[in-house]
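Hello,

Here is the structure you asked for, with my notes on it below. Please keep it open while you read.

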Amino acid sequence: MADLVRLEIRVPEHMQDMATIAMVQQLNYGWEEENLPTGEVLYRVHIENPAFCEEFLTALYSAVPEADVTRTDVPNQDWMKAWRDFFTPVKIGEHFKVIAPWMCEKEPLEGRTPIVIEPKTAFGTGHHPTTALCLASVSKLASEGRIHEGQKFLDLGTGSGILGIGCVKLGLSGVGVDIDMLAIENTEENKILNDVSSELFEVYQGSADAVCGDFDVVLANILARPLMEMAVEIFKLVKPGGCLVLSGLLEIQADQVEAVYRDLGLPEARRIVEGEWAALIWE
């Protein structure tokens, strides 16, 4: 089993926004982030593919020349152990609690619906604000009666499948797509862990242009740039009167993303913010 590359990236605090944008644009999975007493921000990233590592660093240095990077090799087996040590249950919205498979028997659910996620490099364990914001939006819309049993959903950029699985547990059925085959494989594994059938949640590789039909609920937890570039395709996938949730964008990008969709005829979006991240909701 090949080693992973661990990158510890330090940037000055005033460059945090630029560094975060670079991370979001290049990575389709999570990272650790820590504000240091020195006034710097530390990002810790694990990468499986050495060739991609070089591409990522080139893009990072282009955006943040001041970045100080330390690179080490980490055995893959230690990575999985680290995930177990790092992973904690996450309460999201009024409905959900995200847990790992080894927590199923002992973790108290406190009246919440469990979503079991095998923590891997696919983006979407509920720990990152973009995923949490999107799933919290689903929970909020369900509490308000806008999302309900029998509806059809689309999970665009499904990642680990966490959003689609959450929708199924609310009584919906639908489709998930992702351009990353590793994400599709992780989603299929998580479907099994949650007893979710392919009849309720069909998953395949692709993007918005690979999807046919329209949906009561469209969830797109990707990045600001593709959200804008695919706006026309995404807009067409939402049924008249349906719900659209966009996540994966920084708060500083939200106005620009919202403007593109308002140009298509949508009204002002509801916006929820967590830290420097934002989600846009049309209902």
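Contact, as the word is used here, means that heavy atoms lie within 4.5 Å. Please also bear in mind that this is a predicted model.

With that definition, Asp 178 is in contact with Gly 157, Thr 158, Gly 159, Ala 183, Ile 184, Tyr 204, Gln 205 and Gly 206, leaving aside its neighbours within four places in sequence. Asp 178 lies in strand E9, residues 173–178. Its relative accessibility is 9%, so Asp 178 counts as buried, the cut-off being under 20%. The side chain of Asp 178 also reaches the backbone nitrogen of Asp 180, at 2.9 Å.

Gly 157 sits in the loop between strand E8 (152–156) and helix H5 (162–169). At 18% relative accessibility, Gly 157 counts as buried too.

Thr 131 brings us to helix H4, where it is one of the buried residues. How many of the 15 residues of H4 are buried? The count is 12, so H4 is largely enclosed by the rest of the structure. Among them are Pro 129, Leu 133, Cys 134 and Leu 141. The length of H4 (residues 129–143) can be checked as well: at 1.5 Å a residue it should span 21 Å, and its end C-alpha atoms are 20 Å apart, which agrees. Just after H4, Gly 145 takes a positive phi of about 85 degrees.

Next, the sheet. Four strands form an open sheet in the order E2-E3-E1-E4, with antiparallel pairing. E2 (32–35) and E4 (68–74) are at the edges and have a single partner strand each, so one side of each is left without a neighbour in the sheet. On average, neighbouring strands of this sheet are turned by 15 degrees against each other, direction ignored. E1 (residues 4–12) and E4 are joined by seven bridges, and Arg 6 has Thr 72 in E4 as its bridge partner. Helix H1 (residues 16–26) lies across E1, E2 and E3, and runs at about 10 degrees to E3.

Not counting residues up to four places away in sequence, Lys 191 touches Ile 165, Val 196, Ser 197, Ser 198, Phe 201 and Val 203.

Regards

How values were computed: Residues numbered from 1 in each chain as written. Predicted model: local features only at pLDDT ≥ 70, side-chain atom pairs only at ≥ 80, totals over all residues. Heavy atoms only, no water. Helix = DSSP H or I, 4+ residues; strand = E, 2+ residues; numbered from the N terminus. Expected span 1.5 Å × (residues − 1). Buried < 20%, exposed > 50% of the residue type's maximum accessible area, 1.4 Å probe, protein only. Pairing = 2+ DSSP bridges. Axes fitted to C-alpha atoms, helices over the stretch in contact; angles between N-to-C directions. Polar contact = N/O pair within 3.5 Å; in protein donor to acceptor, adjacent residues only side chain to side chain.
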